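Please look it over with the points below at hand.

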Amino acid sequence: MSEKLNKVQDEKVSTSQALDDEQRVKVLSPGMLVAKRFFRNKLAMVGLVIIVAMFLFAFVGGVISPYGESQVFRKTEVSWKDFAGAAYNDTWIFNTKEGEDFPAAAQQKFVLASSREEETFEAGGMTYEIADLSESLKAVIAQQPVATVLTLKGKSSYKESGSTPLTEEIKKGYEAAVEAEETTFEADGESYTISKSGRQMVIAKGGEIAFATKKVFNGAAADTAMDYEFQKAALTALDAGEKAFSYGGASYELSAVEGERVIQILLDGQIYGTISDMLISPLGTDAFLHLEFKEAAEAAILAKESSFEIVNEAGETETYQLQNKNTQYVIRNEKTTMVNDKFRAPDKEHLLGTDGNGMDMLTRLMYGGRVSLMIGFVVIILEIVIGIVIGGISGYFGGWVDTILMRVVDIVVCIPAMPLYIIIGAVMDSYKIDSGLRIYALCIILGLLSWPGIARMVRGQILSLREQEFMIATEATGIRVSRRIFRHLVPNVIPQLIVMATMGLGDVILMEATLSFLGLGVKFPLASWGNIVNAVNDSYVLTNFWFVWIPAGFLILITVLGFNFVGDGLRDAFDPKMKR
Amino acid sequence: MVILFFVSMIIYSVERSLPTSYVDNKARNMSMKQGAKPFEELKAELNAAYGMDKPVLVGYFTWLGNAVRGEFGDSWVWNQPVTEKFKEVIWYSFALAVIAFTLEILIAVPLGILSATRQYSKMDYAVTVFALIGISLPPFFFATILKYIFSIQLGWFDLYGIVGRMHDQYSPVGQVLDMAKHLILPVATLTIAGIGSLMRYTRTNMLEVLNSDYIRTARAKGLKNSKVIWHHAFRNTLIPLITILGGMLPGLFAGAMITETLFQIPGIGYTSYQCLIQGDLPFTMFYMSFLAVLTLTGNLIADILYAVADPRVRVN
């Protein structure tokens with residue numbers, strides 16, 4: 001123990017003597033002494049390493065990173081989407097004859113009347129008649145008034161009441177019908193009805209304008225023509241149990257598929273369309289459902305299956321799911337959609353995952369660091385320039401100049417900075433100022449409000465410095481005032497300035513981060529560490545995605561810490577009298 | 001007083017230099033709200049209270065005249081007189097600040113002294129690093145971490161607000177405890193944020209005192225180390241400490257805007273944050289002037305306390 005102690009003492013004594021010898025020959029310059037003291041300070045070195053690392057990360061990292069600052073990553077997501085709806089049709093489907101009008105109000109009346117099993121109904125001043133043509137086909141006959149007839153003492157006087165011209169043929173037909181006590185007659189190949197209205201008789205032209213059916217027609221292609229007459233002919237044939245019908249010079253075959261309720265309409269052996277009880281319609285507006293699809297769906301519904309498969313035109317097998325909701329069926333298929341790849345957990349491709357907009361987190365952090373550091377430096381330079389000018393002038397001249405300038409400093413100190421930033425930020429928000437421009441505004445505002453500390457320090461130092469001999473020398477040599485202040489006085493303040501600037505940089509970065517966090521500083525799409533942490537305002541993100549906000553906050557912390565360490569170390573190095 | 005005059009003038013000019021269309025828009029939006037006053041009335045009121053229609057200087061004196069009489073107009077956001085809203089919310093902020101302030105002193109001063117007396121020991125490094133972390137920690141980040149750990153992971157506290165969901169059903173004592181529980185995280189945030197600078201300040205001043213001649217004399221006399229530190233050194237460290245702490249007293253009323261906003265404590269900070277964001281001019285003007293008054297009062301108290309605590313200043 002004692003031996004060891006002796007050895008240590010020996011070493012100490014010998015080295016210190018050697019050092020002393022050395023120093024007698026070689027004296028370190030003051031600057032070197034400061035540097036030496038600085039580099040010996042462990043905390044300061046840690047800080048320096050952090051700052052250098054941050055600069056590399058922000059400025060070099062942004063260049064190296066394979067992704068852009070606001071590059072949005074997309075991914076394909078497979079999800080079951082509602083594709084089509086299917087239901088057994090139990091409502092009347094109306095098919096209106098070309099050139100005729102069967103308004104919606106009348107359709108409603110028709111439904112009412114047919115459920116009450118009435119034969120006529122009225123809508124919009126028109127009388128309609130329902131004629132059961134066959135099992136599944138009901139014709140709607142509208143009665144348009146043609147004329148009113150007033151018969152007095154066996155003599156009839158006619159009065160036209162519609163658009164149809166009253167011809168002699170009609171009059172003849174009417175008279176014949178009245179004599180025969182019939183309520184309908186035919187003339188010119190059209191049928192007319194007679195009804196009594198008070199003392200007058202009304203002749204009305206009955207014309208079939210529409211038919212109603214519960215059967216659903218499906219065309220083989222989107223543009224398959226299946227007009228009024230075609231459908232009517234097909235239904236008539238179907239109800240009559242016939243196997244074929246002809247329309248428009250072509251002959252169609254009707255064939256029932258065994259075990260299914262679908263009736264196929266064949267033209268020359270090819271499927272032209274189908275008639276079924278089931279209404280299947282796409283949920284998207286522009287999709288066309290193929291007959292194969294409809295048949296398969298109907299078959300699956302009949303067989304009470306929960307899914308079915310179809311081979312599509314490209315030869316791929318598509319799987320569809322069937323979901324039953326009461327009497328409705330929903331057919332769903334797998335759809336791949338492109339979505340922003342947001343909140344992706346960290347992996348090889350994105351080392352820190354992606355943020356809420358699907359942008360690479362690590363890259364955002366790099367660019368955010370650029371913005372934060374750059375704002376810090378710009379603001380500090382602005383601060384120092386203003387501070388030196390005001391403090392230098394104030395300290396050099398003293399007297400009333402000093403008094404006035406120091407009152408200005410007092411006033412600026414008194415202005416509540418944070419509320420001012422916030423209100424200016426809010427105004428910029430309401431004018432939707434470009435986010436690049438905002439950064440400049442932010443720098444200027446931050447700089448304009450934070451110089452008083454530096455000004456005070458510079459003034460205080462210069463007040464004592466100007467009493468020293470070298471100032472008398474400058475006065476004697478007739479150097480001009482501005483040169484005296486900025487060349488001879490200010491350089492003496494530089495050590496303190498460096499310390500203040502380093503510490504101040506941390507504060508500015510913190511301030512900028514806070515403002516950006518509140519959403520009033522740097523704005524999206526530009527990144528800044530503050531506005532990255534801003535994502536936690538959504539507590540869903542706070543709860544589930546640590547990688548979105550922890551790294552950014554941590555970077556702010558260690559960067560500011562680095563500047564504070566370095567500032568602290570510099571202060572100790574410049575001003576060693578605190579050492580004991 | 002003169003400073004206050006100029007500060008309020010600057011604040012006034014800033015508010016005045018907001019683009020008129022902005023003010024008009026705000027007023028119009030305000031009037032759209034249900035139950036709000038019509039646009040013309042708001043505008044007229046604004047003109048009356050702030051002299052918006054007059055030149056800047058005349059307008060400023062109009063406002064000053066009203067402000068001296070305590071008339072700050074009606075808040076646009078809250079639809080009630082600014083001063084009334086202020087009275088409602090100020091005590092939350094004050095309670096929050098006082099608790100944090102006390103904790104700060106209780107933790108920072110002893111630690112600062114400890115690290116000064118053992119300069120360059122492990123303890124000193126630890127305290128220094130801790131203090132610097134406290135300074136460097138963005139309050140919003142720290143608050144978020146606290147929330148994440150204690151509210152989300154552990155579920156001990158609510159994420160937001162000053163009262164719990166069951167607040168109305170508690171007994172009066174329970175209600176106070178409920179509020180206290182909601183204040184724990186904000187107080188922790190404020191304390192950690194404020195502790196660093198106070199600790200550094202204590203350390204620096206203590207070191208200065210410890211380096212002075214009379215401490216060397218005391219040690220040379222052979223006094224006990226504890227007596228030197230607590231009797232001779234600490235009492236002299238108290239002078240700058242009391243000065244700076246006294247200067248911080250009015251600041252207790254200023255409200256912690258960020259912390260209150262994050263935890264949605266309905267204090268003056270959160271209230272005025274909402275007003276600032278939504279462009280509530282009457283409240284903003286009031287709050288900014290209030291803050292300026294607080295800063296000036298702080299300086300004044302610091303000056304007075306400096307004279308009180310240090311007899312040498314009084315002689316001069």
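In this predicted model, five strands of chain A form an open sheet in the order β15-β1-β18-β17-β16, with antiparallel pairing. β15 (278-282) and β16 (307-311) of chain A stand at the edges with a single partner strand each, so one side of each has no neighbour in the sheet. From one strand to the next, the twist averages 30°.

**Terms and numbering**

- Residues are numbered from 1 along each chain as its sequence is written, while chains are lettered from A and ligands numbered from 1 in the order in which they are written.
- The model is predicted, so local features need pLDDT of at least 70 and side-chain atom pairs count only at pLDDT 80 or more, whereas totals for chains, interfaces and linings use all residues.
- Helices (H or I, at least four residues) and strands (E, at least two) are DSSP runs, numbered from the N terminus.
- Two strands pair if DSSP finds at least two bridges between them.
- Axes are lines fitted to C-alpha atoms, for helices over the stretch in contact, and angles run from 0 to 180 degrees between N-to-C directions.
- Two residues are in contact if their C-beta atoms, placed from the backbone, lie within 7 Å.

**The sheet with β1, chain A**

- Strand β1 (residues 74-88) and strand β18 (residues 328-340) of chain A run antiparallel, joined by 13 bridges.
- Lys81(A) has Asn333(A) in β18(A) as its bridge partner.
- Helix α7 (residues 291-302) of chain A lies across β1, β15, β16, β17 (317-325) and β18 of chain A. Helix α7 of chain A runs at about 155° to β16(A).

**The sheet with β10, chain A**

- Five strands of chain A form an open sheet in the order β10-β14-β13-β12-β11, and the pairing is antiparallel.
- β10 (216-219) and β11 (244-247) of chain A are the edge strands, each pairing on one side only.
- The twist in this sheet averages 30° from one strand to the next.
- Four bridges join β10(A) to the antiparallel strand β14 (residues 270-276) of chain A. The bridge partner of Gly219(A) in β14(A) is Gly273(A).
- Helix α6 (residues 228-239) of chain A packs on the sheet and touches β10, β11, β12 (250-256), β13 (263-267) and β14 of chain A. The direction of this helix makes about 160° with that of β11(A).

**Chain A overall**

- Chain A has 18 helices and 18 strands.
- Of its 580 residues, 34% are buried (20 or more other C-beta atoms within 10 Å of the residue's own, with C-beta atoms placed from the backbone).

**A helix pair in chain B**

- Helix α6 (residues 122-136) and helix α8 (residues 172-210) of chain B pack at an angle of about 130°, with their axes 7 Å apart.
- The contact residues include Val127(B) and Leu132(B) of α6(B), and Ile192(B) and Arg200(B) of α8(B).
- By class, the contact of α6(B) with α8(B) has eight nonpolar, three polar and one charged residues (Ala, Val, Leu, Ile, Met, Phe, Trp, Tyr, Cys and Pro are nonpolar, Asp, Glu, Lys and Arg charged, the others, Gly among them, polar).

**Where chains A and B meet**

- 37 residues of chain A are in contact with 40 residues of chain B.
- α18(A) gives the most to the side of chain A that touches chain B, with nine residues.
- That side of chain A divides into 26 nonpolar, seven polar and four charged residues.

Technical notes:
Buried ≥ 20, exposed ≤ 12 C-beta atoms within 10 Å, placed from the backbone.
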